[in-house]
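Student: Let's zoom in on the aromatic rings here. Please walk me through how they pair up, with the geometry, and then finish with a bit of helix packing.

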Amino acid sequence: MEVAVNTTEELVEIVLPGKVEPEGLQIRHGHVPAPGPGQVLVRMEATGVSFAEQQMRRGRYYDQPPFPFVPGYDLVGTVQATGEGVAADLAGARVAALVKVGAWASHVLVDAADVVPVPDGIDPSEAETLVVNGITAWQMLHRRARVRAGQTVLVHGANSGVGSILVQLAQAAGVRVIGTASARHHDTLREQGVTPVDYRTGDVAARVRELAPRGVDAVFDHVGGRGVVDSWKLLAPGGTLVSYGTASTRDDEGSQQWPVLKLVGRLWLWNALPNRRRACFFNVWAGRALSRNRFRARLRADLAALFAALERGDVTPRIAARYPLADAAEALRLAESGTVAGKVLLTP
């Protein structure tokens, strides 16, 4: 059954026209689209500014679409209309969705099979902090590193959007956490039970070895570059390096694919060597091309587990700032400043 769109509303989108500074983002107005077969129209209530959008505006995200396009990796909102073949009772439901691009808009078309229900009582902004950041943290921790109580892990960027959730999920699993961050975030990390290490001064690897002489059981590294070698060497026998980004190349010029391919090649080589450690590159979209249904089921299960963790109090949403959609440029600039802890959000 199809539910009609409210024609009195206007579509507002933020467009990334090319390689521009944050102020180069454009606001586009238009008609709210009608959902096609199998689709739902979601009225956005919260979306986020992630590292992906920061790279996209530089033209350096691995598989971004050609300019111009509407960025926005994920969103939480209410289903406003349903297309043919979609259960009508989905209309009015609050849902979350991982879309990679397109979420920086007042209304977003999403395949009905890709939306995940958000439990009643969870604030949409709080739920939004757990979509791409939470899924990334949960799957790296539990599906890749498979941490166990009593282990020790190193989280690079422990104050970041992904890092702050990683820290909390690890501690909920009974894992000791060492976290790198600039000194201004250390008091907050200590309050969370994290042992902080300043990545801007001294020898980070030497300090981590002091704290964990036998090595750590897992390292979560979003930096890449030469530092990933230290991450590998810090592993204890049986340990896992989970690499999930190349932040060190953020401002580089040239191919956006090469840093990732070089990193993946290095990880593959390490895995081929006779040792008792392993390395992997985490991509939240892994497996989607081979089995979309399996990918969706895994996403739904993991996001449900995250919402349950939020309701139990195992995870406290870290919201750095909220901006209206029209102020996306300011939000992006703040997120890129590296001065905040947690997620920068956009709301209608």
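**Aromatic pairs up close**

Tutor: Trp 232 and Trp 270 are both buried. Keep in mind that this is a predicted model.

Now back to the tryptophans. The rings of Trp 232 and Trp 270 have centres 4.9 Å apart and planes at 10°, so this pair is stacked. Trp 232 comes from helix α7 (residues 227-233) and Trp 270 from helix α8 (residues 257-272), so the pair ties together parts that are 38 residues apart in sequence. There's also a cluster: ring pairs join Tyr 61, Tyr 73, Trp 285 and Phe 295.

As for helix packing, α3 (residues 132-145) and α9 (residues 292-312) pack at about 100°, their axes 10 Å apart. That angle makes α3 roughly perpendicular to α9. On the α3 side the contact includes Ile 135, Trp 138 and Arg 143, which meet a set in α9 including Leu 299, Asp 302 and Leu 306. By type, the residues of this contact split into six nonpolar, two polar and three charged.

Key: Residues numbered from 1 in each chain as written. Predicted model: local features only at pLDDT ≥ 70, side-chain atom pairs only at ≥ 80, totals over all residues. Heavy atoms only, no water. Axes fitted to C-alpha atoms, helices over the stretch in contact; angles between N-to-C directions. Helix = DSSP H or I, 4+ residues; strand = E, 2+ residues; numbered from the N terminus. Parallel < 35°, antiparallel > 145°, perpendicular 65-115°, else oblique. Contact = heavy atoms within 4.5 Å. Nonpolar A, V, L, I, M, F, W, Y, C, P; charged D, E, K, R; others polar. Phe/Tyr/Trp six-rings, centres within 6.5 Å; stacked < 30°, edge-to-face > 60°. Buried < 20%, exposed > 50% of the residue type's maximum accessible area, 1.4 Å probe, protein only.
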